[in-house]
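Hello,

Here is the structure I promised to pass on to you. Have a look at it first, and then read my notes below.

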Amino acid sequence: MNDNGIIFNQNAKKIAFDDEHYEKMMTRYQRFMYNVENCTNYYSDLNLEKQRALNIRCKAFKKLDKLLVDFDTNFSNNGGKILWANNSDDAKQLIYDILNQERVKRIIKTKSTTIDEINLTSFLEMKKIKIVDTNVGDFICSVSNERSYNINDSAAHKTTSQVADLYTEKFGIKENCNAKQLTVCTKQILKEDFNNSQALITGANFLISNTGTIVLTENQGNILKSSTFTPIHIVVAGIDKLITSIDELSVLLPLSSLYEPNKNISSLYNFISKPSTDGDNVQKLYLILLNNNRTNVLAKEKQRAILSCVQCGACSDVCPIYNTIGGHTYMECNPGPVGSILYPITKGMEEAAHFTSLCTSCGRCSEVCPVDIPLKDLFLENRKDLVKENKSFISERNFISNLIKKMNSRKNLDKMGSSFKDLELSYFIKKKWGNKRELPKHARESFSDYWKNINKIN
Ligand code: SF4
């Protein structure tokens, strides 16, 4: 196992037996399951709609080369400027060049996994450019100097009282504020940044090829507010965000907010087709189109379905592994099942093999996914690739080949007594099983001995 895997295991062990953390995650889980039960009322056939969504996205991946060229042409004709980035370093440099050229020293940003993927915040801070998160959850994480905990709810790990304590410590506000008061406080704190920022950086939910339109969804109104007044808008989006036409959004957008408890507040949709040219409010619009190994994912016929993800966070909410080890243990911007499927492909097995084992095959993620991504099957595909690439762990390989040999012959299986089998099991997997759990013991009497005894066979 490489260093990343070792650190991951150490962190996972620390948090997995933290009862307080588990209780917090279970409260979230129960709240989420309540939303799951209530969402089916909106559809006559939810499963069919989910399949339609996956179909739309997978068809787009098949003709992505054409969609990208069409989008580039239409977006440029509309007055936007498109820049292509092969990896995160390219993307950061392109953004820095724009900011430098425009003499920008102050930026606001909205929630985006793609922006986090390229580590833009720390890069710009190093370049002495102030970058402020306007999404409340992201803002809380940046104040406490932490990563996002969940792709859809960055501060999912914090209780209201923990946020209130943090605000009292950092901003001197009165103690024990409730959630509503804390939201008002955040808006007050961010007001100056909203008013004085020179540029806005966002991600994108979809890119419509035949009109060159960027689609951004939100539920806090930050994008709407800031994209109207900020003179420069830079969008960072993966090449996988392309769809063919606006009609497809009638399927994709409602499913993106399927589990939102209040459908009315989760439906702020921003469609940006061209930079604003109204009166004094002339805007410059840039789009950084990022590959960053997405072509490796697209090359995998089965696993490419993961790029259809609409980042609702549902699969994390139901994942027993995510709920046990929490979002920070993943040490990545995309914690939970989605990242665990993506990273072995985008970062390579050498660096990210440990993600392939973060699945119990319970299948709950696949059941709740609003766009029908067969996440459980994709984990298995990655495991197959791991074995094909011969990157599986040596102890596991030895254990499995030994097990297969024995299982193929009842005589071999029964050759040794139960105590020896316990010892053997302990030797191969005790380390992985962990000290806090007892390994199951073999039955003192094997099944064949038991069968012979009850049937009086010699
Ligand atoms: S894989 Fe599906 S359930 Fe998970 S975040 Fe993406 S869209 Fe939501």
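This is a predicted model: local features need pLDDT of at least 70, side-chain atom pairs count only at pLDDT 80 or more; totals for chains, interfaces and linings use all residues.

Residues are numbered from 1 along each chain as its sequence is written.

**The sheet**

Helices (H or I, at least four residues) and strands (E, at least two) are DSSP runs, numbered from the N terminus. Strand S5 (residues 206-208) runs antiparallel to S6, and three bridges join them; two strands pair if DSSP finds at least two bridges between them. S5 and S6 make a hairpin with four residues between them, and in its turn glycine 212 has a positive phi of about 70°.

S6 also pairs with strand S9 (residues 268-272), in the antiparallel sense and over five bridges. Here glutamate 218 stands opposite leucine 268, and isoleucine 214 has isoleucine 272 as its bridge partner. Taken together, four strands form an open sheet with mixed pairing, in the order S8-S5-S6-S9. S8 and S9 are the edge strands, each pairing on one side only.

How many residues of S6 (residues 213-218) are buried? Six of its six are, where buried means that 20 or more other C-beta atoms (placed from the backbone) lie within 10 Å of the residue's own, exposed means 12 or fewer, and partly exposed is in between. In a regular strand the side chains alternate between the two faces of the sheet. Both faces of S6 are covered, with Thr213, Val215 and Thr217 on one side and Ile214, Leu216 and Glu218 on the other.

**Helix H4**

The buried residues of H4 are Leu67, Phe71 and Phe75. They cover an arc of only 55° around the axis, which puts them on the same side of H4; the arc is that of the directions from the helix axis to the C-beta atoms. On the other side of H4, Asp65, Val69 and Asn77 are exposed. Glycine 79, which follows H4, has a positive phi, near 110°.

**Around the ligand**

Which residues come nearest to the ligand? Of the 14 around it, they are Cys309, Cys312, Ala314, Cys315 and Cys369, counting a residue as near if its C-beta atom, placed from the backbone, lies within 6 Å.

Best wishes
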